[in-house]
Amino acid sequence: MNQKNVDKDNARGDITSRLPDHLLCRILSCLPTEDAVRTCILSSRWRDLWTSIHGLYFDGGNEKSRSWFLNFVERVLGLCQLKDIHNFHLRSSTLREKDFSRVSEWICFAIQRNVRHLFLDVYSTSNFTRHKRILELPQSILTCETLVELKLCSDIVIDIPGSGICFPSLKILHFGFCHPDRGLMQKFFSSCPTLEELTIEGILHPRDNVQTINIIVQTLKRLSISVFVMQGYVSERIFEIRTPNLEYLSIIANSLAYFVLDEIPFLKKAFVLVEFNVLRRNSSGIFENDARSALELVKRIKSMKILSLPDSMTVLSFVLNNNLPTFSNLISLELHIDSCFGWKLLTPFLKSSPSLKVLNLDFSKAHKLTPNTLQDIVFEDLVCVEPECAPHCLSSCVEVIEITNLKREDYELEMVRYLLENSKVLEKFSVGFAEDAPEDNLRKEILMFPRGSKTCNIEFC
């Protein structure tokens, strides 16, 4: 190392040493606790500095021995000097059943020190058997007045009273599960008087005898559900959602038949992804059920301003026709388009969106369907045919159109040509190409298309 670099390092050290202790503690609070503790060897000033950090992050990864992790956590908690802990994160998948009582004591420690953000991702080595021990939360968590965020990525148990207010300050709840307890989940949801954001993640197995889970939260503003139902689970209406003040909704599932929604009048943004392959549907009626459920869900969220429907929602094409409601508030729409469903999906949405300003079309996962692909569908009804009359929004309000993952399919260029020609107030038309697309040729071809707007600027990215 030359002298110049040495001088720079010394300068950095001087700057750090001049920082007050409370700023150094804030920096250490952003580190994994194991790294923060290591700073005690730097100098006498740093020896006890870590004991005053506001964030504790314990990660008992597979590379750490169970006994080392248990002892490390307890040594740190024993030396912690602060009365207030802002963040307490605990992650481990190597604990044994007999260790769970110690984990509960650690949680009590955080609660006694006014924890604000509590994250628990704890499993024992026997969690993947049917006869497993799940984490028991201490009762004191129910009355913790400082707790505003709780993230549970563990199967848990706790006795929540049937009446009365619990979690008085909780605004954010993340509920992850392997084997859900319906009664416990509903008690959680109904016991949080200030809950604004709820995330539910998990996998449902046929052996999990879970009936309908009601999500009835008047204060909720953001709801995200990501659930995969294993083959063989036949129950429907798993989630009934009644959240009248919801502003953001995200649903990721392998069937929309599991969801029943009340109308959500104040919704601002919706994202809906169905994780099934439309090419594998058969004549059992599952495909049609999903299509009807998708349409019903879209009708219930008709007030949203921003809507994102990935490629799996092309299932809507089979039931749209003239069944869409009017999306009076919709200003931004993202659709994944494919060769057969293209206009069947796009045209109804354009006709039903009189205020649309931004349109994003993604061609990344186009299905190349043939008459033999879906035996029970009238294939001729799906052929890509552009609308005879341009939707009103194209001539009056669409200002930005973004095309992504363009290749060289004829239907893609026809759609690009149509949109450019019929968008009368368009200001920006952005085109992004797929990796294997002949970009130079496509650029030249697109630039030759007629434009309905004199102010339209075409950008390639």
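User: What distance should the 14 residues of helix H4 span, and what separates its end C-alpha atoms?
Analyst: In this predicted model, helix H4 runs over residues 66-79. At 1.5 Å a residue its 14 residues should span 20 Å, which agrees with the distance between the end C-alpha atoms, 20 Å.

User: Within what arc do the buried residues of H4 fall, seen down the axis?
Analyst: The buried residues of H4 are Arg 66, Phe 69, Leu 70, Phe 72, Val 73, Val 76 and Leu 77. Seen down the helix axis, these buried residues line one face of H4, because they fall within an arc of 165°.

User: With which side chain does the side chain of Arg 91 make a polar contact?
Analyst: Arg 91 has its place in strand S2, residues 87-95, and is partly exposed at a relative accessible area of 35%. Leaving aside residues up to four places away in sequence, Arg 91 touches several residues, among them Phe 58, Phe 69 and Asp 121. The polar contact, at 3.0 Å, joins the side chain of Arg 91 to that of Asp 121.

User: How many residues apart are Lys 357 and Glu 399?
Analyst: Lys 357 and Glu 399 form a salt bridge, with their closest N and O atoms 3.8 Å apart. The pair links distant parts of the chain, since Lys 357 lies in the loop between helix H8 and strand S17, while Glu 399 lies in the loop between helix H9 and strand S18. Their separation is 42 residues.

User: Is Glu 412 buried or exposed?
Analyst: The side chain of Glu 412 meets that of Lys 407 in a salt bridge at 3.4 Å, N to O. Because buried means under 20% relative accessible area, Glu 412, at 0% relative accessibility, counts as buried.

Terms used:
Residues are numbered from 1 along each chain as its sequence is written. This is a predicted model: local features need pLDDT of at least 70, side-chain atom pairs count only at pLDDT 80 or more; totals for chains, interfaces and linings use all residues. Side-chain values use heavy atoms; hydrogens and water are left out. Helices (H or I, at least four residues) and strands (E, at least two) are DSSP runs, numbered from the N terminus. Buried means under 20% relative accessible area, exposed over 50%, partly exposed in between (1.4 Å probe, protein chains only). Contact means heavy atoms within 4.5 Å. A polar contact is a pair of N or O atoms within 3.5 Å; within protein, one must be able to donate a hydrogen and the other to accept it, and residues adjacent in sequence count only if both atoms are side-chain atoms. The expected span of a helix is 1.5 Å times one less than its number of residues. The arc is that of the directions from the helix axis to the C-beta atoms. A salt bridge is a side-chain nitrogen of Lys or Arg within 4 Å of a carboxyl oxygen of Asp or Glu.
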